[in-house]
Amino acid sequence: MSDAAASHATDRRELSAAQRNAVAELLRVSPVADELGRRFAVAGHELHLVGGSVRDALLGRLGEDLDFCTDAHPDQTLGIVRGWAEAIWETGREFGTIGCQRDGLRLEITTFRAESYDQVSRNPVVEYGTNLTEDLRRRDFTINAMAVSLPDHRFTDPYGGLADLAAKVVRTPGTPAESFGDDPLRMLRAARFAAQLRFAVHPDVYAAMTRMAADLDRITAERIRDEFTKLLCAADPITGLRLLVDTGLAERFLPELTGLKLEIDEHAQHKDVYEHTLTVVRNAISYEQDGPDFILRMAALMHDVGKPATKAVGSDGRVSFHHHEVVGARLTKARMKALRYPKDITAKVTALVALHLRFYGYGRGEWTDSAVRRYVTDAGDLLSRLHKLTRSDCTTRNRRKAAQLAADYDALEERIARIAAEEDLARVRPDLDGNAIMELLGVPPGPIVGQAWKYLKDLRLERGPLDRDTAEAELLRWAREQGIGS
């Protein structure tokens with residue numbers, strides 16, 4: 001036996017009693033798993049808790065979604081769970097998966113697989129396997145290639161996943177080239193697991209990610225989008241983002257991120273936009289209150305992507321990025337559309353990118369109340385996120401400047417709160433509604449009503465609430481100037 005094999009065998013023997021008890025205890029408090037295992041055993045089949053469920057059980061974070069594998073084929077699985085499961089779904093049947101629900105747990109039971117890929121198509125060719133070890137080998141990483149048999153709780157770890165879990169490393173069961181050649185999305189998943197679990201990728205995995213980055217082009221935008229979203233919403237997205245850029249993966253689907261690594265001219269000094277962006281993402285996370293906020297994190301990531309296209313060096317040697325927020329908003333919209341993000345999500349992220357510089361015109365409080373109202377109205381339901389993004393964008397090392405910016409924004413927020421309390425800024429509307437406009441002007445529904453409504457809305461933002469008589473007088477004056485009515 002080689003030294004490596006001997007070490008591997010030792011690692012497997014060193015599964016402590018405490019770890020065995022941890023897995024057993026987690027399964028004990030979820031008796032559904034053992035009950036299901038007994039049903040499969042009675043029917044003459046194997047059942048194993050597998051993959052991420054075992055990994056999470058060992059990490060003490062097992063959730064309500066459990067993954068199983070079995071030698072039973074889908075029809076046989078259906079026969080075993082019918083009458084026991086509270087709900088059954090067959091959406092994954094073509095991939096050998098039957099889903100069901102019991103006691104609040106979502107269970108997915110998949111027939112042993114020996115997947116193969118033709119290296120061209122985006123979907124695996126599913127072939128049923130015959131044993132657990134073969135099924136585990138086809139999985140993406142060793143930390144996801146462990147199993148606990150049910151109901152006897154026998155632990156299986158043929159590829160050293162437990163040792164890698166202890167070492168906090170992401171490694172493939174076989175060679176990385178073989179694994180990533182089968183499914184290039186696994187390269188992005190490696191970065192995601194590094195971000196989620198705060199693990200490092202094995203040097204061989206890193207090398208393969210770098211060498212095979214272009215293979216990611218075989219993957220659909222939707223699959224990339226879903227994996228990237230998980231990465232950005234992970235506990236440590238900065239680690240994952242650095243991996244994407246350093247291996248060249250980001251260049252395949254988010255080149256704007258790589259583009260932030262502007263060449264620094266020693267004679268035209270400016271902050272490192274790439275490092276600044278990562279700091280802004282980290283800052284934004286610190287402002288989250290109810291878990292990961294993808295919209296805020298994505299806006300933080302994209303807020304300066306317009307800088308490379310707008311960089312200019314003035315005669316005084318100073319670098320400027322005029323209107324980079326406008327260019328950045330356009331680039332953000334195009335990139336998120338290419339990644340198939342929903343329109344409403346894209347619109348919110350794009351709006352935040354477009355608005356992120358607005359505050360810097362506030363200065364020492366020179367804004368009029370009208371300007372404050374417009375700031376709030378333009379932000380709409382994104383105001384809270386805009387507050388967080390703007391504060392996150394302050395990364396200066398000049399403590400005095402940072403303190404002044406924070407104080408200025410404190411003052412703006414206090415001013416917004418004061419005006420909001422007086423005027424209900426969250427629901428700024430014209431002082432006359434559409435029906436009143438039509439009645440006063442004697443016009444039917446149509447473009448004129450919309451134009452009048454917009455005029456009154458702008459007037460409301462400029463002057464604050466108007467009483468009824470003043471609003472009517474202003475509307476009639478506007479109508480005369482437009483040649484509307486008698």
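User: What does buried mean for a residue here?

Analyst: Buried means under 20% relative accessible area. The model is predicted.

User: Why is D183 called buried?

Analyst: D183 has a relative accessible area of 8%. The cut-off is under 20%, so D183 counts as buried.

User: D183 forms a salt bridge with R223. Why is R223 called partly exposed?

Analyst: R223 has 27% relative accessibility.

User: What makes the contact of R223 with D183 a salt bridge?

Analyst: The closest N and O atoms of R223 and D183 are 2.9 Å apart. A salt bridge needs a side-chain nitrogen of Lys or Arg within 4 Å of a carboxyl oxygen of Asp or Glu, so the pair qualifies. R223 lies in helix α11 (residues 221–232) and D183 in the loop between α8 (176–182) and α9 (185–197), so the pair ties together parts that are 40 residues apart in sequence.

User: What makes D135 and R138 a salt bridge?

Analyst: Their closest N and O atoms are 3.5 Å apart, and the limit is within 4 Å. D135 also forms a salt bridge with R139, at 2.9 Å between the closest N and O atoms.

User: Why are D135 and R138 called buried?

Analyst: D135 has 0% relative accessibility and R138 has 16%. Buried means under 20%, so D135 counts as buried, and so does R138. R139 is buried as well.

User: How many salt bridges are found in the whole structure, and which residues are linked in a network?

Analyst: The search finds 26 salt bridges. D140, R189, R192 and E227 are linked in a network of them.

User: Why is α9 called largely enclosed?

Analyst: In α9, 11 of the 13 residues are buried, so the helix is largely enclosed by the rest of the structure. Among them are L185, M187, R192 and F193. R198, which follows α9, has a positive phi near 60°.

User: What makes β1 and β2 a pair?

Analyst: Pairing takes at least two bridges. β1 (residues 47–50) and β2 (residues 65–70) have 3, in the antiparallel sense, and L47 stands opposite T70 in β2.

User: How many bridges join β2 to β5?

Analyst: 6 bridges join β2 to β5 (residues 105–111), and the two strands run parallel. D67 stands opposite E108 in β5.

Notes. Residues numbered from 1 in each chain as written. Predicted model: local features only at pLDDT ≥ 70, side-chain atom pairs only at ≥ 80, totals over all residues. Heavy atoms only, no water. Buried < 20%, exposed > 50% of the residue type's maximum accessible area, 1.4 Å probe, protein only. Helix = DSSP H or I, 4+ residues; strand = E, 2+ residues; numbered from the N terminus.
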